[in-house]
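User: I'd like to go through this one with you. Can you take my questions as they come?

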Amino acid sequence: MENIIEFKNVNFSYKDKQIFKDFNLNIKRGSFTSIIGPNGSGKSTLMKLIVGLYKAEGEIIIDNVLMSQETYKEIRGRIGIVFENPDNQFVAETVMDELAFALENMNYDKKEIKERVKEIGKLLDIESLMEKEPHSLSGGQKELVSLASALVLKPKILILDEAMDMIDNNRRADVLNVLTNLNNLGLTVINITHNSEELLFGDSIIVMNGGEIKDQGPTKELLRKEKLFKNNGLELPFVVDLSYKLKYYGLVDDIVLNMDELVNKVWK
Amino acid sequence: MLNNIMIGKYYPVRSYVHLMNPLSKIICTMTFVGMCLFANSMLMNLCLFALAILMIMNSHIPVKYFFKTIKSLRFLLLFTFILNLILDVYFETTLIMMSRLILLVLYTSILTLTTPPSEITYGLEKFLSPLKVFHIPVNRMALSISIALRFIPTVLDEANKILKSQACRGIDYNSSKIKDKLVAIKALIVPMFILTIKRADTLADAMEVRLFSIYNKRTNFRQNPWGVYDSYMVFIHVSLLVILIVRSVMI
Amino acid sequence: MEIKYNNVTYVYNDKTPLKKVALKNINLTFKEGKVNALIGTSGSGKTTLIELMNSLLVPTKGEVIVDKDVISAKSRIKNINALRRKVGIVFQFPEEQFFNLTVKKEIEFGLISFNYRISEKEKRISDALKMVGLDDSYLERDPFKLSNGEKRKVAIASILVFNPKIIVFDEPTIGLDYDSKKNLIKLIRLLKNRYNKTIIIISHDIDFVHSISDYVVLLDNGQVILTGDKYDTLGNPDVLKRFNLPVPKVIEFSYKVLKNKGIKMGYRDDLNDLLKDIYRYAK
């Protein structure tokens, strides 16, 4: 099926407050989608519905499987999640044990666990951290460890829920580059965020507000809609905002997503 | 800041004892406890002291930490001494009682000073695994304990941060008024409580999403190696225990 | 009211295997009445530095001078509460410190060591709320039931209520979306311009730092690497990159124009100023 995630007429209330009403969503297989919206727009609730942490009315279909009491565990095995504060999801005393956790839960045998952990360590370049305490690592390293522990089950979908709030722009770009590489290898990535700069990574954007999808589409197309962002309390990424204004003055003919490219376009 | 070094007083340094498998350390400690119970002469106690001193030297931990542990016992030792004096017990018996106390505390200190809490949990889990025959969920209990332990530094950091925040707002921790003290306690406990519950929620979600279930069988990935030194130590301890038991039975 | 660090060294867990030198020989003066920013990668000692300011920590060596108070291992401060009233610190995620049932009680708490009449107290609480953009309707509400942005504001108000001359913010932008960040910037400008407060901010958000600061201190591995006004520090992309710090986007653009096209445009405050420059220099 072309869509790896489908929501059909989903209704969901939490503590007497209706969050989603007749909500529909489609996320294409193999895409790298950014879901952006101000705080309280329902983004994190969406993630919880995708993994079956909350139960909603309506149809939720993940990787061709309809979400139900019987199937939610199977679905979870196909999704990796990186939560907001890595400190609150670390379970083990060493990074290696942390990575092994999900595999231990699935009762993989020791040899297989050892190999997978090594593989993931190499992929994310965190082999040197294996014997360290997750709590003692720097912010950027914690992000990579959380990411690794989500990837260890080789999921089809990776969801990041405002996971990069605590790290600076450089580390953020590093992590997003890793995600881009993984996406190129076939992983569907969903990055839930309120930081506009992260929109420059990925191929599609969904703008949410008040439990509704205000708009969605390919990255460049959405970034051209200045009013959309303004009306939903969001800012544009710097380079897009700048190129938008330069376009107005006739110095460039379209928005640009990369700073070097913009410099080259203005001074040909 | 206040880390493993406070809980269990783990002292990180390289030594043979530090590198021993936690299971063998627990076996040795348990056997030593057994030996203390069967050593009913001053001579035997002195031999046990010799063994303890040997292990202490092997652990490369500054002796002052051990003196601290004994120092914390001083009231209990004094109490024992006086009580036995009043009850008119043989002097030798009194000495044996006091030396048993000291030996037990010394040896368990070696364990806690050379083994980080997570390893102790691992060792205990393996040590108690025969109990699984009686359907006691040893693995689950050990996992709960190890998760709780891993959060100790996080919780301490948080408590620190809250104490500092409240101090910045004017809480006087040094005030002698009871009302002030109560407010100070409330200002620490309420936020900690809420943070802990929030964290438990998030952690439970994170674990569930990684397919944790108490009903499933879990692999236990962590495998500490068992070395020659481990077999050697266990052999010595168990043999000594056997010898002591035989001797005390024969006398 | 000066804030001065003289040869300050701070060591955690001295004489144990977990010893860590968080600050080494720091010499530094913060600018009064301005917005001072403290930047550096995590672990560089920023939080330790500010905790020395109101005596939450005491230097291992050296002294910190705040107004007339001297904080050092040798001296003893006569009135610690008076010092704590001069320097208000808003920690990371300040809303985690809530423990009262109403917003009013939570903010009132900051006045605990003062002896104000009730009418005066109430006025101060209302003023503090107004400063952060909330009105009196919030007074009887449950602080735990507010939105994240509102909680953050109440937490800041609980520090502003005792009118500190120096306000320190540790990572104030974490968890805030674009709207809330705009409000925070407004608040900081208000505190500086109308109330003449001295502001000190720790932040990893370099664009935020660029938009708000006057004076910047770069810390790395417990040592002061660079201090100076905004343009001498943030306008030095080579130094920032050398210490693994990101560069403000407005500055990065001019930097790239210089490196790739050889045109020197100068460093600007915000996008609109940059726009004018580009228009001027583009062929």
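Predicted model: local features only at pLDDT ≥ 70, side-chain atom pairs only at ≥ 80, totals over all residues.

User: Which residue is the bridge partner of Ile61(A) in strand 5 of chain A?

Analyst: Leu66(A) is the bridge partner of Ile61(A) there.

User: What is the order of the four strands in the open sheet of chain A?

Analyst: The order is 2-1-4-5, and the pairing is antiparallel. Strand 2 (17–28) and strand 5 (65–66) of chain A each have a single partner strand, so they stand at the edges with one side left without a neighbour in the sheet.

User: And which strands does helix 1 of chain A lie across?

Analyst: Helix 1 (residues 43–50) lies across strand 1 (3–14), strand 2 and strand 4 of chain A. The helix runs at about 115° to strand 1 of chain A.

User: Switching to contacts. How many residues of chain A are in contact with chain B?

Analyst: On the chain A side there are 26, in contact with 26 residues of chain B. Helix 2 (72–76), helix 3 (95–105) and helix 4 (110–123) of chain A are the elements that give two or more residues to that side. Helix 3 of chain A gives the most, six residues.

User: How do the residues on that side of chain A divide by class?

Analyst: The side of chain A that touches chain B has 12 nonpolar, six polar and eight charged residues.

User: Now chain C against chain A. How many residues are in contact?

Analyst: 27 residues of chain C are in contact with 26 residues of chain A. Helix 5 (148–160), helix 6 (178–193), helix 10 (249–261) and helix 11 (271–281) of chain C each supply at least two residues of the chain C side. The largest share, seven residues, comes from helix 10 of chain C. By class, the chain C side has 11 nonpolar, nine polar and seven charged residues.

User: What about strands in chain C? How many bridges join strand 1 to strand 4?

Analyst: Five, between strand 1 (residues 3–12) and strand 4 (residues 61–66) of chain C, which run antiparallel. Thr9(C) stands opposite Lys61(C) in strand 4 of chain C.

User: And strand 4 with strand 5 of chain C, parallel or antiparallel?

Analyst: Antiparallel, over four bridges, with strand 5 of chain C covering residues 69–72. In strand 5 of chain C, Ile71(C) is the bridge partner of Val64(C).

User: Which residue takes a positive phi in that hairpin?

Analyst: Asp67(C), with phi near 55°. The hairpin of strand 4 and strand 5 of chain C has two residues between the strands.

Notes
Residues numbered from 1 in each chain as written. Chains lettered and ligands numbered in written order. Contact = placed C-beta atoms within 7 Å. Nonpolar A, V, L, I, M, F, W, Y, C, P; charged D, E, K, R; others polar. Pairing = 2+ DSSP bridges. Axes fitted to C-alpha atoms, helices over the stretch in contact; angles between N-to-C directions.
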